[in-house]
Amino acid sequence: MAITAADVKKLREMTGAGMMDCKKALTETDGDFDGAVEFLRKKGLATAEKKAGRIAAEGIVATVLSDDEKTATIIEVNSETDFVAKNEVFQTYVNGLATQINNNDYADMAAFMAAKSDIDAASTVEEYHKAMVAKIGENLTIRRFEKLTGDLVVSYIHMGGKIGVLVEADTDNNSDAIKEAMKNIAMQIAAMNPSYVKREEISAETLTKERDIVIDSSLADPATLPKPILNAVIQEAIDTSKWNDEDKAAYEEQKTNKFWYNFISDEGMQVLRDIAADHKAEYLENKIFGGLVEGRFSKHLKEICLMDQAYVKAEDKENVSQYIAKVAKDNGCKFEIKKFIRFETGEGLEKKNEDFAAEVAAQMGQ
């Protein structure tokens, strides 16, 4: 598959990795973006969780909650500009779409678009949407929607519609105290962007893949390797002359400096990564390296699992799971977070790069 400059640019915006690294990743994975992101993560060249969701389009996320607070809908509708996203007509339209979805059941987006519009009974949702595009004067996209139904559901909108969250709880108490606790959890989700409620939701296959990524990314970061392993890697680079004379001299001069790696060339650091990767099987048998990997893997799970995250509003070191248990005990009720949905406007989409001066020049024939 031919890799285009646009593909490289898109991957770079998703991951923050260098252009050549992105091109290599796409080449190695035959243009598969998910595979390319994983490739870069294993090389320690991207932090996928932090950067893959970078905002890349305008629009809003909206939520609608039923009167009995047992069903809620979240929807994302994209626009071309932030100006339209802030327009009251657009926002009213998006809320109308969310209300229709919340009041009905649709198997998927196609079924929803083919349904009669609750806003204009003479049109389908798709037909009315086209009319709104013409009225507003920008391309609008109904990108996605989801519904939650449970004992109690709360919604939360952050940054004026940039992020939306739904949280479903299994509870026998719908008091204001429980709703407030769920709202706090929704704010946690908006801020910390977990992937799962708890570790038990993660499949064995995903756990294995995530552990492999931690292992490979650890090998790709020579400066943080355990001292005995690092010394062995450096010695091999010297003994086999894989390091050039400049890198050898730089290391000899700076080896007592904890930031010695800043004085080694990019090529020299890559030599260390390659040597470490060649000894992967051997290092996995090393208890010190195994401890390093387990520590980083545990930290990673705490970042992606809601229940393991440090509760951001806690004054002590309480995690979310402990906060939930405390709320349940204080209110003498059953209280468990079952599911959440988090939408962030434009995540995974490429934002149009406007060059107004160039556009004007082109129109003037310059």
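**Reading the labels in a predicted model**

Reader: Why is N193 called partly exposed?

Author: N193 has a relative accessible area of 36%. Buried needs under 20%, and exposed needs over 50%. The value of 36% falls in between, so N193 is partly exposed. The model is predicted. N193 sits in the loop between α9 (176-192) and α10.

Reader: What is the phi of N193?

Author: Phi of N193 is near 50°. That is a positive value in a residue other than glycine. Most residues other than glycine have a negative phi. S241 also has a positive phi, near 60°. S241 belongs to the loop between α11 (227-239) and α12 (245-254).

Reader: How many helices and strands does the protein chain have?

Author: The protein chain has 17 helices and 6 strands. Its C-alpha atoms fill a box of roughly 80 × 75 × 35 Å along the principal axes. Of the 366 residues, 42% count as buried. The chain exposes about 19800 Å², and carbon and sulfur atoms supply 50% of that area.

Reader: What share of the contacts in the protein chain with a separation of 6 or more comes from residues 24 or more positions apart?

Author: The share is 66%.

Reader: How many positive and negative side chains are there in the protein chain?

Author: There are 47 positive and 65 negative side chains. The centres of the two sets lie 3 Å apart.

Reader: How many aromatic pairs does a search of the whole structure find?

Author: The search finds 9.

Reader: What makes the pair of F112 and F145 edge-to-face?

Author: The ring centres of F112 and F145 are 5.5 Å apart. The limit for a pair is 6.5 Å, so the two rings qualify. Their planes stand at 70°. Edge-to-face needs over 60 degrees, so the label holds.

Reader: Why does the pair of F112 and F145 tie together parts that are apart in sequence?

Author: F112 lies in helix α7 (residues 109-114), whereas F145 lies in strand β3 (residues 141-149). The two parts are 33 residues apart in sequence, so the pair ties them together. Both F112 and F145 are buried.

Reader: What kind of aromatic pair do F259 and Y261 form?

Author: F259 and Y261 form an edge-to-face pair. The distance is 6.3 Å centre to centre, and the planes are 75° apart.

Reader: Why does V167 count as buried?

Author: The relative accessibility of V167 is 0%. Buried means under 20%, so V167 counts as buried. V167 is placed in strand β5 (residues 163-171). Beyond four places in sequence, V167 touches residues including L148, M182, I189 and F340. V167 and F340 are 173 residues apart in sequence, yet 4.4 Å apart C-alpha to C-alpha.

Reader: What makes S218 buried?

Author: S218 has a relative accessible area of 0%, so it is under the 20% cut-off. S218 is in helix α10 (residues 204-219). It touches L225, F289 and R296, not counting residues up to four places away.

Reader: Why does Q100 count as buried?

Author: Q100 has 2% relative accessibility. That is under 20%, so Q100 counts as buried. Q100 is placed in helix α6 (residues 88-103). Leaving aside neighbours within four places in sequence, its contacts include Y106, F112 and V125.

Reader: Why does N95 count as partly exposed?

Author: N95 lies in helix α6. Its relative accessibility is 34%. That falls between 20% and 50%, so N95 counts as partly exposed. N95 touches A62, T63 and V64, not counting residues up to four places away in sequence. The C-alpha atoms of N95 and I75 are separated by 8.5 Å, and the two residues are 20 residues apart along the chain.

Notes:
Residues numbered from 1 in each chain as written. Heavy atoms only, no water. Helix = DSSP H or I, 4+ residues; strand = E, 2+ residues; numbered from the N terminus. Buried < 20%, exposed > 50% of the residue type's maximum accessible area, 1.4 Å probe, protein only. Contact = heavy atoms within 4.5 Å. Areas by Shrake-Rupley, 256 points an atom, 1.4 Å probe, with all protein chains shown as cover. Lys, Arg positive; Asp, Glu negative; His and termini not counted. Charge placed at Lys NZ, Arg CZ, Asp CG, Glu CD. Phe/Tyr/Trp six-rings, centres within 6.5 Å; stacked < 30°, edge-to-face > 60°.
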